[in-house]
Each structure stands twice: as C-alpha cells, then as structure tokens.
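This briefing is for a reader who is meeting the structure for the first time. Please look over the sequence and the structure below, then read on.

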Amino acid sequence: MKKIISAIAALTACAVMLSACGGNSGSDLTDEIETSASVSEETKAAEAEETTEETTEASETSETAEEVTDSADEEQAPAEAAASFASLDEFAASDIEELAFSPVEVKESNIYDFTMAFVGATSMYIDAASTDGSMAMTMAADANNRIAMDVTDTDGSRAIMIIKDMKMYMLDPSTSTGMYTSVDESIFEEYDLKAAFEEMASIDEDDITDSEVIMYCPVSIDGTTYTVEAMDEGCMLFNGDGSLYAIVSDESTDINVLLINSLTSEVPSNAFDVPEGYELTDLDAAMAAQQ
C-alpha cells in the first residue's frame, strides 16, 4: 500500500507542478522561475557589457573579414553546443543549475505553449513512466475532486485507485477484488485540485509582459537533443517539436523524473468508472459490524 501511495503522491505532485507552471494567474505565470528570471537580467547585462567590449576591441584592432567571421562562429558555438548526458537519469542527477541557460521571452517558450493548452481546463490526464520502464502509471483528475490512478509497480504488480463521490476504491486487478471506504475533504488538503483548476482558468495572457522570461538551454541525452526549460523546483524537457518529453523535480520524492507519454486536458470518458466484475468489500460496514 505504501508503494501505491508513493506513486500517487509522485503523480499528483506532477499535476501540481503543471498548475504551478501556469496556474498562478496572469503576470505571476513565471513566479516559479523568479530565480531564473533574475539570472536572465544579469545575463542580459553581462551580454551588453561583453558586446560593448567586443565593439571597442574591434575598432581598436581593425579586425579582418576573416576574423569577424571567426568571431561570429564562436558566438554561435555556445548555442549549438549542448551539454551531453548518457541517460535521462544521469541528467536528473546532475547539477542542472550549472547548465548554460539563456533567457527567452515567456511567450516564445515551450512552457508557455504547453500551459496555454490548459487554460480553462477542468480535467487533466497523465500517462507517465519511470525512466527504466519498470513503473507505469496513468492519472485522471478533475475539478470535482475525482482522481483515478492505475499503477504498475516495479515488481510487476498493478493497482487501481479511484476517488469519487467522497469514496475511495482500492482495486487489485490480479484477483478482481477491491474495497471502498468513505473519505472527507481532508484527503485533498495537500493537493487541492479544485484550487489548481481554478488557477489554471485564471490565466490571462494579456497580463504576461515581454519582460518576463524563462531560462532554457539545449541538452543532448543519449544522442538526442532536447530543450530544458527551468522551473523553481525542477525543469521540463521538450522534444524538438515542442511536445513534453519529461518532468524533473528536485524535490525529495521516490520518483523525481518521469517520462511523459501524454499530459493533456482531455480525460477518457470512463476514467472514473469502477470497472465491472470486481468483488468489492465495504470497509465502513465491515468495521461497524466488528464494533
């Protein structure tokens, strides 16, 4: 049971990370990356100073056309040269803050496009896996505090948990058995789904100014180049087409990196249905009978 709860916590943290990326409404969209934004301003200042120095040096030394070309090539090199990692696990274990990040306007970032796809959403669906494929999980959640989890653990065992109508169902597909019990609002205290979706709905892109930035950099993982975009407590990695590849959290969780197969606001119509054919035990009734 502890493993299941741990997996649930990891996925729910992923959902909260999503709302944190874009759910703090309008001009606060980049609150989670304030440190990155601050660094970007310093970067801009440093780049401006470097540009002034280079211009002065050029006028003093009268560089030849060939030298100018070489200089341009050197300026392009950092953007083309991506830090290289053998695996996503190696990347997640590295000091990500030490990467050569550069600023990009919020509206030009992958995080912006990803976040805007959830504006007004009342539900979300995650299909994710551990980096070695030993653990797979899906989670559906909506603004009515309904949650459905389907987790295959590292030992091959599978478990389903569904929370709806203030009842929690815990199902074992291997035996087609399960139990259910009543829950109260306290179960949602740590991760308030209603508030998260309300925050998503509050985003107004007109409040996002051109001065707001997100820090990004390319990285090569097992020979493929991805774009890393920083958040306050981790980062997101995007494929070349802008789709989400993985989420890395620097918080202390059992799973701090997830491969994302799908993360969307569209939830399967039967996501919160209790599967047919299960023999269910009413825990509340069983406990009352023992008293």
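Are Tyr226 and Tyr245 buried or exposed? Tyr226 is buried, and Tyr245 is buried as well. The model in which they sit is predicted, and the protein chain averages a pLDDT of 74.

**Confidence**

- A pLDDT of at least 70 is reached by 68% of the residues.
- Residues 1-12 stay under 50 in pLDDT, and the model gives them 22 contacts beyond four places in sequence.
- The stretch of residues 14-48 also has a pLDDT below 50, with 76 contacts in the model beyond near neighbours in sequence.
- Where pLDDT is low, the predicted coordinates should not be read in detail.

**Aromatic pairs**

- A pair of aromatic rings is described by the distance of the centres and the angle of the planes.
- The count of aromatic pairs comes to three.
- One of them joins Phe85 and Phe91, with 5.3 Å from centre to centre and 85° between the planes, an edge-to-face arrangement.
- Phe85 has a relative accessible area of 11% and is therefore buried, the limit being under 20%.
- Phe91 is buried too, because its relative accessibility is 0%.
- The rings of Tyr226 and Tyr245 form a stacked pair, because their centres are 4.1 Å apart and their planes are at 10°.
- This second pair links distant parts of the chain, since Tyr226 belongs to strand S10 (residues 224-231) and Tyr245 to strand S12 (residues 244-249), 19 residues apart.

**Nonpolar cores**

- In soluble globular proteins, nonpolar side chains tend to be buried together.
- The largest nonpolar core here has 35 residues, and the members that touch the most others are Ile147, Met236, Leu244 and Leu263.
- Leaving out residues up to four places away in sequence, Ile147 touches Met139, Ala140, Ala141, Met161, Ile162, Ile163, Phe188, Leu193 and Phe272.
- Another core lies apart from the largest one and has 20 residues, including Phe91, Ala230, Val248 and Val257.
- Phe91 thus has a place both in this other core and in the edge-to-face pair with Phe85.

**Salt bridges**

- Side chains of opposite charge can pair when their charged atoms come close.
- The count of salt bridges is two.
- In one of them, the side chains of Arg146 and Asp142 meet at 2.7 Å, N to O.
- Arg146 is partly exposed, because its relative accessibility is 30%, whereas Asp142 is buried at 5%.
- The side chains of Asp150 and Arg158 meet in a salt bridge at 2.7 Å, N to O.
- Asp150 counts as partly exposed at 22% relative accessibility, and Arg158 is partly exposed with a relative accessible area of 40%.

**Loop residues with positive phi**

- Asn145 is not a glycine, yet its phi is positive, at about 60°.
- The position of Asn145 is in the loop between strand S4 (136-142) and strand S5 (147-152).
- With a relative accessible area of 5%, Asn145 is buried.
- Met166 likewise has a positive phi, near 60°, in a residue other than glycine.
- The loop that holds Met166 runs between strand S6 (158-164) and strand S7 (167-172).
- Met166 counts as partly exposed, because its relative accessibility is 30%.

**Loops on either side of helix H5**

- Ser109 is found in the loop between strand S2 (102-105) and H5.
- Ser109 is buried, because its relative accessibility is 1%.
- A polar atom of the Ser109 side chain lies 3.0 Å from the backbone nitrogen of Tyr112.
- Not counting residues up to four places away in sequence, Ser109 touches Val104, Ile214 and Glu229.
- Ala117 is in the loop between helix H5 (110-116) and strand S3 (123-129).
- Ala117 is exposed, because its relative accessibility of 54% is over 50%.
- Ala117 and Thr264 are 147 residues apart along the chain, and their C-alpha atoms are separated by 8.1 Å.

How values were computed. Residues are numbered from 1 along each chain as its sequence is written. This is a predicted model: local features need pLDDT of at least 70, side-chain atom pairs count only at pLDDT 80 or more; totals for chains, interfaces and linings use all residues. Side-chain values use heavy atoms; hydrogens and water are left out. Helices (H or I, at least four residues) and strands (E, at least two) are DSSP runs, numbered from the N terminus. Buried means under 20% relative accessible area, exposed over 50%, partly exposed in between (1.4 Å probe, protein chains only). Rings of Phe, Tyr and Trp (its six-membered ring) pair if their centres lie within 6.5 Å; planes under 30 degrees apart count as stacked, over 60 as edge-to-face and the rest as tilted. A nonpolar core is a set of buried Ala, Val, Leu, Ile, Met, Phe, Trp, Tyr and Cys residues joined through side-chain atoms within 4.5 Å. Contact means heavy atoms within 4.5 Å. A polar contact is a pair of N or O atoms within 3.5 Å; within protein, one must be able to donate a hydrogen and the other to accept it, and residues adjacent in sequence count only if both atoms are side-chain atoms. pLDDT is the predictor's confidence in each residue, from 0 to 100. A salt bridge is a side-chain nitrogen of Lys or Arg within 4 Å of a carboxyl oxygen of Asp or Glu.
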